[in-house]
Each structure stands twice: as C-alpha cells, then as structure tokens.
Amino acid sequence: QVQVKESGGGSVQSGGSLRLSCAASRAFGHDYCLGWFRQAPGKEREGLASLEDDGTETYAASVRGRFTISRDKPKKTLYLEMNDVKPEDTGMYYCGLGICPPTTIPSIVKWGQGTQVTVSS
C-alpha cells in the first residue's frame with residue numbers, strides 16, 4: 001500500500017515563503033498522480049494545485065501566481081513552493097494520491113496526515 005507524507009509546514013509571517021514536500025513510500029501506477037489540498041479553519045478541504053504525469057499544472061484561483069507545484073519523479077516527491085503567503089493561507093495542507101488529474105476530493109484514494117501552516121500578520 002502506498003503511503004504519502006507531508007513535511008515542511010510551520011509558522012511564517014505574512015509575505016514570507018515556505019516550501020512543502022510530499023513523499024510517496026513507493027512507486028505507484030502510471031494512472032495516479034499527486035496533488036495538494038488545504039483545509040482552512042471552518043472551511044471545506046479544497047484543491048490547491050495538481051501535477052499530471054505529462055507535466056500539466058492546475059491551480060486554484062486563490063493561490064495562482066503565488067504557489068508553484070513541482071516534482072522530483074525519481075524521488076517520488078511532490079513540492080509546493082508557497083510565496084507571498086497571507087493569513088488566509090493558514091490551514092492544514094494535505095498531499096493526496098489520486099487518479100490523474102488529482103484535482104477533486106473524490107478522486108483521491110490516499111491522503112497524507114497533513115502538515116500545519118500558520119501565517120501571522
């Protein structure tokens with residue numbers, strides 16, 4: 001069974017940057033991809049960014065232009081570069097493995113445990 005684990009969360013000031021990582025425990029089928037999701041306090045979990053096997057990137061409007069998704073395929077690791085973070089970016093960030101493209105909650109078959117990001121004013 002594939003396991004995914006996020007890391008890199010923490011506290012950061014508004015306007016700062018943070019880089020999150022998501023590592024898969026083993027290789028997974030070519031039909032599956034990794035994506036990033038966020039659940040803010042009092043909000044539903046939402047998709048933030050996804051990366052398909054062919055390199056196609058998808059971003060939520062709230063993070064487009066500020067966050068960048070990337071991957072290291074040999075290391076089976078997904079990254080989320082967060083720039084110019086805002087207080088509303090505060091929340092639990094999750095990595096999800098799902099059928100490509102991993103853009104929706106129902107498409108995810110394996111979730112990581114999440115990593116907390118807190119942005120202070």
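This is a predicted model: local features need pLDDT of at least 70, side-chain atom pairs count only at pLDDT 80 or more; totals for chains, interfaces and linings use all residues.
## The nonpolar core

Leu80 belongs to the largest nonpolar core, which has 26 residues. Leu80 is among the residues with the most contacts inside this core, together with Val4, Leu20, Trp36, Leu78, Met82 and Tyr93.

Several strands each supply at least two residues of the core: β3 (18-24), β4 (32-39), β5 (46-51), β7 (67-72), β8 (77-82), β9 (91-99) and β11 (115-120). The largest share, four residues, comes from β3.

## Lys110, a buried charge

Lys110 is in strand β10, residues 108-111. Lys110 is buried and has no salt bridge. The nearest side chain of opposite charge belongs to Glu6, 11 Å away; a salt bridge needs the charged atoms within 4 Å, so Glu6 is out of range for Lys110.

The side chain of Lys110 does make a polar contact, at 3.4 Å, with the side chain of Gln3. Gln3 is also one of the contacts of Lys110 beyond four places in sequence; the others are Gln1, Val2, Val4, Cys95, Gly96 and Leu97. Of these, Val4 is also among the residues with the most contacts inside the largest nonpolar core.

## Ser11, an exposed position

Ser11 lies in strand β2, which covers residues 10-13. With a relative accessible area of 68%, Ser11 counts as exposed, because the cut-off for that class is over 50%.

Ser11 and Gln39 are separated by 28 residues in sequence, and their C-alpha atoms are 16 Å apart in space.

Note on methods:
Residues are numbered from 1 along each chain as its sequence is written. Side-chain values use heavy atoms; hydrogens and water are left out. A nonpolar core is a set of buried Ala, Val, Leu, Ile, Met, Phe, Trp, Tyr and Cys residues joined through side-chain atoms within 4.5 Å. Buried means under 20% relative accessible area, exposed over 50%, partly exposed in between (1.4 Å probe, protein chains only). Lys and Arg count as positive and Asp and Glu as negative; His and the chain ends are not counted. A polar contact is a pair of N or O atoms within 3.5 Å; within protein, one must be able to donate a hydrogen and the other to accept it, and residues adjacent in sequence count only if both atoms are side-chain atoms. Contact means heavy atoms within 4.5 Å.
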